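User: Could you take me through this structure, one topic at a time?

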Amino acid sequence: MRLLRYLSPYRWKIFVIIVLVFLQSLSSLYLPHLMSQIVDNGVLGHDMATILQLGGFMLVISIVGGVCSIAASYFASKVSMGFGRDLRSKVFSRVEHYTLHEISTIGTASLITRTTNDITQVQQLANMMLRMMVMAPLTAIGGIIMAVTTDAHLSLVIVGILPVLAIAIFSILGRATKLFKSMQVKIDTLNRVLREGLTGVRVIRSFNRGMFENHRFDMANLDLTSTSIQVNKIMALMFPLMMLIINFSTVAIVWFGGLRVGVGQMQIGSLMAFIQYVMQILFSVMMVSMMSFMIPRASASAARINEVLETEPEITDPINPKDEQGDVGLVEFRDVSFYYPGAKQAALQHVSFMAQAGAVTAIIGGTGSGKSTLLHMITRFYDATQGQILIDGIDVRELSQERLRAKMGYVPQQAVLFSGSIKENIRYGKADATDDEIRHAADVAQATEFISKMPDTFDAEITQGGTNVSGGQKQRLSIARALVRRPRIYLFDDSFSALDFKTDAALRAALKPEVLQSTVLIVAQRVSTVIEADQIIVLDEGKVEGIGTHDTLLHSCNAYQEIVASQLAKGESA
Amino acid sequence: MNAPRKETGSPGLGFRGLGAMGMPVQKPKNFKATLVRFLTYLTPHRLALSFVALAAICSTLFSVFSPKLLSEIITDILQGFIVHERTGVSVNFQQIGHLIILLCGLYLFSSLFSYIQQYVMAGIAQKTVYQLRRQVHEKLSRLPLQFYDVHPHGDILSRFINDFDNISNTLQQSLTQLITSVITLVGVIIMMITINVWMTLVVFVTLPLSVFAARFIATRSQRYFIGQQRVLGQLNGHVEEMYTGHTIIKAFGLEKKSLAEFESMNASLYEVGYKAQFISGIIMPVMGFIGNIGYVLVSVVGSLLVFNGVIEIGAIVAFTQYSGQFSQPITQLASIANIIQSTMASAERVFEILDEPEEVPDTTMPQELVAPHGNVMFEQVHFSYAEDEPLIENMNVDVKSGQMIAIVGPTGAGKTTIVNLLMRFYELQGGFISIDGVDITRLTRENLRSLFGMVLQDTWLFRGTILENIAYGRLRATREDVVMAAQAAHADHFIRTLPDGYDTMLHEEATDLSQGQKQLLTIARAILANPSILLLDEATSSVDTRTEVQIQKAMQELRQGKTSFVIAHRLSTIRDADWILVMNHGRVIEQGTHTQLMHDHGFYASLYNSQFAAATQEAF
């Protein structure tokens with residue numbers, strides 16, 4: 001629970017909470033004491049005035065206790081929610097600085113869970129701890145003090161009971177926790193089987209394996225059921241056993257206390273108060289043990305959050321970033337090799353080339369040939385293991401990431417849109433873009449037609465994940481977003497794949513005059529996309545197999561010929 | 001635990017406990033019908049359930065009776081003490097000893113019955129949930145494909161996870177709690193009245209106070225909880241978007257903007273969140289406070305009554321315990337009401353699946369086709385997914401045995417519709433499809449589907465070994481069969497290079513294999529099934545050149561001499577096809593041979609020209 005250090009800004013509030021809770025448990029403990037005085041002095045001493053006086057005093061004490069507990073609850077809410085807020089903000093900003101490597105190591109889905117559910121989990125535990133768990137030891141200590149001052153001899157009963165209760169709780173919880181863990185695994189299995197059944201429904205039915213799947217599910221279901229029965233049967237023991245221990249301790253107190261009362265060593269009111277003290281001590285112990293159930297779950301969450309906070313982003317800005325000299329957009333790779341962290345095989349090997357401003361450089365190759373990796377190195381999503389990448393003659397590592405990326409318009413393979421209007425989405429490319437600029441970008445990206453058909457045109461809302469527009473529309477908006485930037489360097493990562501052929505052609509024709517002055521890098525799978533490029537870089541397993549135009553490569557490069565042959569039938573490729 | 005009070009013997013000091021009171025409750029649409037239906041799942045266990053009820057009653061009665069006994073003991077001790085002081089005769093501990101043994105017995109039996117009741121209930125609850133889960137899963141296997149296409153998987157999964165969890169918790173805890181709470185309430189009132197009516201009234205004084213306070217707090221906290229839920233939803237949505245769009249955020253230098261938005265949501269979450277926490281969190285202290293007031297009243301009034309000789313001193317002890325026992329079932333009943341509501345809402349969602357219309361049953365007098373020639377005919381086929389949007393109207397296709405049909409069209413043109421119809425995943429609205437002259441609706445689905453071999457781009461593999469995954473194609477396939485199929489699919493080589501060969505475990509979504517390798521495995525699976533007719537989806541982009549050549553070869557061999565429908569992306573495939581179906585926006589818009597279609601200068605011709613006659617194309 002190293003996360004608790006994030007509670008330190010709240011240490012004064014926590015101190016106040018502890019004081020308040022202590023006062024409140026003292027008031028709860030003081031009530032039986034006053035009652036014992038009513039009984040001993042008032043009732044047995046036949047003094048009505050004392051009864052009323054002490055009664056009034058009890059009322060005051062209850063009110064003070066109530067006020068304390070409400071105030072404590074107020075501060076506890078503030079502290080735990082503040083703790084959650086701080087943690088969330090730390091995690092989020094840390095993840096924002098992650099590189100693609102850290103993101104892929106932990107996984108996007110997992111990062112989302114860590115920022116949302118896991119933090120909520122920890123926050124809840126903090127809340128519980130501040131309210132309940134703080135109270136338990138205070139009550140126990142206070143109770144023991146009261147008990148000892150009331151009758152030290154009888155307090156020995158507590159010494160006898162506490163270990164019994166502790167052993168009972170720990171032995172039950174120990175077994176249950178183990179079973180809970182195995183139950184979690186079985187729940188995951190059941191869900192997996194179910195999910196596989198949902199995603200593979202067509203395959204399952206086409207192979208007539210419905211019965212088999214039912215059987216598979218049933219096995220998982222049975223397995224889970226038998227474990228849950230076990231867990232619940234063990235947990236069934238918990239409450240009755242604890243009640244038994246507590247009740248028997250009452251009996252013990254009455255018996256031994258009775259003996260002491262009988263010989264006049266103790267007053268009857270004290271005995272009644274003593275019963276209450278012991279009750280409060282035992283119940284606080286029980287409460288904590290019940291709550292300790294939350295701890296394993298929350299500490300698993302805490303460990304996951306910690307992992308996020310302790311993972312340092314690999315790529316950081318230089319301490320003294322250089323100012324760029326020229327602003328032409330010349331991209332140069334000098335003998336660049338790159339290994340993904342932990343990988344034995346290089347994703348890129350000794351890649352050298354130059355991409356000039358005003359020229360189109362296309363990169364072609366199969367999956368895993370390193371095309372996207374190459375683009376990701378220009379944006380500095382990854383740093384080269386060896387060699388240098390230069391933009392206008394300056395190593396990308398010597399520029400600030402912000403300055404570096406401001407030069408680029410990047411269009412990813414999978415178009416990503418954000419919730420908000422179409423206009424806002426395009427404006428992600430340039431925060432101060434005018435409406436005219438946005439309209440123009442949309443025109444070039446061939447998006448104006450479908451946008452104008454939407455109910456609110458440019459103000460139409462895109463839902464989260466862009467589910468209300470088609471793949472092709474998403475891609476066009478994502479292109480418009482890059483265009484509105486008017487960057488020096490365009491990076492298209494297989495960005496036309498979801499477009500139908502007519503749109504593809506129209507878009508490319510409209511794009512041509514737009515990018516005349518810029519450096520354009522296009523990653524492509526289709527030969528048709530790269531044919532007209534000024535230079536084509538053929539990648540295979542991270543190595544450059546050839547650089548040249550379509551015609552020269554067709555004669556000189558085997559890998560290129562292979563690609564062309566697989567896509568175009570003979571006779572069509574010339 | 002704020003007040004000096006004794007808990008009842010009721011089980012499961014709720015893991016959901018009082019918190020459930022402050023939260024907004026999900027309500028079922030039809031409470032009564034759902035409840036009645038839900039109870040039918042419990043009827044097989046009625047014997048065990050009555051036993052549970054009996055145990056719950058016994059346990060509660062014993063725990064309700066014990067404070068009275070305790071009070072008698074204390075009174076006896078006091079009396080003995082007074083007698084001792086006056087006369088010097090020592091306290092009669094023999095009589096007290098008897099009472100104490102009796103009290104121990106009461107406690108012991110109360111706990112024992114409480115344990116038995118929980119123990120038996122564990123079995124009932126889990127078995128009921130097991131049955132229900134099994135029933136729903138079997139139902140899923142009888143639902144038409146449409147159900148799967150319309151309902152998001154997350155939604156179905158959530159019913160299986162959250163709703164079943166809710167149901168099993170309620171069965172485990174809340175049902176017996178309901179019984180014990182009611183009995184405790186009634187029992188405590190009766191016990192109190194038998195001791196003293198006036199004291200009972202004193203205890204009752206705090207009752208309206210706690211009911212009012214609970215209701216006041218609950219309504220207020222619900223409002224803040226709803227607010228919190230809304231802001232949390234926004235914040236989680238933002239996190240999800242920013243994380244999935246991480247590359248874009250970085251590439252466009254938007255980290256600051258994204259962080260600023262996050263911080264403002266986070267701040268408002270804090271504002272509404274701590275209020276919700278605070279208000280819902282004061283239920284316990286306020287109840288404790290009211291409990292304490294009750295305690296003070298009982299002490300004072302009790303003492304006054306003892307003073308006047310109306311009651312015995314032990315009665316005060318009994319009443320301090322009873323006042324605690326009394327307020328607890330009331331708050332418990334309030335939260336159980338909510339829990340039952342939300343459980344019924346869960347049950348209702350589960351029943352909704354059970355009530356979904358099933359697939360049209362197989363014909364009662366099915367014909368059987370074994371190793372057909374593979375003549376496939378579409379005659380006047382009408383089909384649509386939604387009633388008012390006809391997709392396929394009057395489609396006629398005549399496929400002769402051994403022919404290859406290419407289905408072409410841009411991405412998202414609905415090429416899988418043809419698969420859906422051939423495999424009878426969806427029912428036609430008119431016309432019929434026949435194989436070797438037999439209407440496919442006259443076959444059992446099992447028979448029909450055994451005729452087809454399907455290789456989709458979206459490769460589905462499950463967690464298990466490679467061997468198991470390939471063997472999925474045919475029941476009782478031997479290892480030799482699997483290896484032969486893998487060899488035919490050109491998959492044998494790469495499988496052997498894996499550390500455990502055919503016994504390599506595939507993890508979920510099989511991330512450890514490349515997309516192309518996965519596809520080779522699904523081809524092997526289809527080969528093993530040895531179908532008469534093939535449905536193939538050619539790979540588009542995500543496969544490297546070498547694997548692609550292997551897939552091509554494997555598919556060609558698979559097609560040898562069989563009727564095949566190919567969702568085609570390659571020019572060579574299309575030109576080799578005997579017949580081409582051109583699809584766009586879900587419809588079959590043209591069909592014919594390549595030459596015919598080119599001649600027509602329609603959609604196909606322009607598609608063909610833009611895609612394949614690339615040399616004339618401009619690339620910037």
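This is a predicted model: local features need pLDDT of at least 70, side-chain atom pairs count only at pLDDT 80 or more; totals for chains, interfaces and linings use all residues.

User: Is chain A compact or spread out?

Analyst: Chain A is more spread out than a compact globule, because its radius of gyration is 36 Å, well over the 25 Å that the globule rule gives for 574 residues. Taken along the principal axes, the C-alpha atoms of chain A fill a box of roughly 115 × 60 × 50 Å.

User: Now the two chains. How many residues of chain B are in contact with chain A?

Analyst: On the chain B side there are 132 residues in contact, and they meet 140 residues of chain A.

User: Which helix gives the largest share on the chain B side?

Analyst: That is helix 4 (residues 93–142) of chain B, which supplies 22 residues to the side that touches chain A. By class, the chain B side as a whole has 71 nonpolar, 43 polar and 18 charged residues.

User: Which helix of chain A packs on helix 10 of chain B, and at what angle?

Analyst: Helix 1 (residues 11–43) of chain A packs on helix 10 of chain B at an angle of about 10°, with the two axes 10 Å apart. Helix 1 of chain A is therefore roughly parallel to helix 10 of chain B.

User: Which residues meet there?

Analyst: From helix 1 of chain A, the residues are Leu31(A), Met35(A), Ile38(A), Val39(A), Gly42(A) and Val43(A). They meet Asn292(B), Tyr295(B), Ser299(B), Ser303(B), Val306(B) and Phe307(B) in helix 10 of chain B. This contact of helix 1 of chain A with helix 10 of chain B has eight nonpolar, four polar and no charged residues.

User: And within chain B, how do helix 7 and helix 10 cross?

Analyst: Helix 7 (residues 197–244) of chain B and helix 10 (residues 283–307) of chain B cross at roughly 165°, and their axes come within 9 Å. The two helices of chain B are therefore roughly antiparallel to each other. The crossing of helix 7 of chain B and helix 10 of chain B is right-handed. By class, their contact has 18 nonpolar, four polar and no charged residues.

User: Which residues of helix 7 take part?

Analyst: Among them are Trp198(B), Met199(B), Val202(B), Leu209(B), Ala213(B) and Ile217(B) in helix 7 of chain B. The residues they meet in helix 10 of chain B include Ile283(B), Met287(B), Ile290(B), Gly294(B), Leu297(B) and Leu305(B).

User: Back to helix 4 of chain B. How does helix 3 pack against it?

Analyst: Helix 3 (residues 46–87) of chain B packs against helix 4 of chain B at an angle of about 160°, and their axes are 8 Å apart. That makes helix 3 of chain B roughly antiparallel to helix 4 of chain B. Helix 3 of chain B passes helix 4 of chain B in a left-handed crossing. Their contact is made up of 26 nonpolar, seven polar and two charged residues.

User: Let us turn to sheets. What is the strand order in the six-stranded sheet of chain B?

Analyst: The order is 6-9-10-3-11-12 in an open sheet with mixed pairing. The edges are strand 6 (452–455) and strand 12 (587–592) of chain B, each of which pairs on one side only. Neighbouring strands of this sheet are turned by 15° against each other on average, direction ignored.

User: How many bridges link strand 11 and strand 12 of chain B?

Analyst: Strand 11 (residues 579–584) and strand 12 of chain B pair in the antiparallel sense over five bridges. Met583(B) has Val588(B) in strand 12 of chain B as its bridge partner.

User: What about the four-stranded sheet of chain B?

Analyst: This open sheet of chain B has the order 2-1-4-5, and its pairing is antiparallel. Strand 2 (392–399) and strand 5 (438–439) of chain B are the edge strands. Strand 1 (residues 376–383) and strand 4 (residues 430–435) of chain B are joined by five bridges, and His382(B) is partnered by Gly430(B) in strand 4 of chain B.

User: Finally, which residue has a positive phi in the hairpin of strands 11 and 12 of chain A?

Analyst: Glu541(A), in the turn, has a positive phi of about 45°. Two residues lie between strand 11 and strand 12 of chain A, and the strands run antiparallel, joined by five bridges. Ile536(A) is the bridge partner of Gly548(A) in strand 12 of chain A.

Terms used
Residues are numbered from 1 along each chain as its sequence is written. Chains are lettered from A and ligands numbered from 1 in the order in which they are written. Axes are lines fitted to C-alpha atoms, for helices over the stretch in contact, and angles run from 0 to 180 degrees between N-to-C directions. Angles under 35 degrees count as roughly parallel, over 145 as roughly antiparallel, 65 to 115 as roughly perpendicular and the rest as oblique. A crossing is left-handed if the near helix is turned anticlockwise from the far one by less than a right angle, and right-handed if clockwise. Two residues are in contact if their C-beta atoms, placed from the backbone, lie within 7 Å. Ala, Val, Leu, Ile, Met, Phe, Trp, Tyr, Cys and Pro count as nonpolar, Asp, Glu, Lys and Arg as charged, and the others, Gly among them, as polar. Two strands pair if DSSP finds at least two bridges between them. The radius of gyration is taken over C-alpha atoms; the globule rule is 2.2 Å times the number of residues to the power 0.38.
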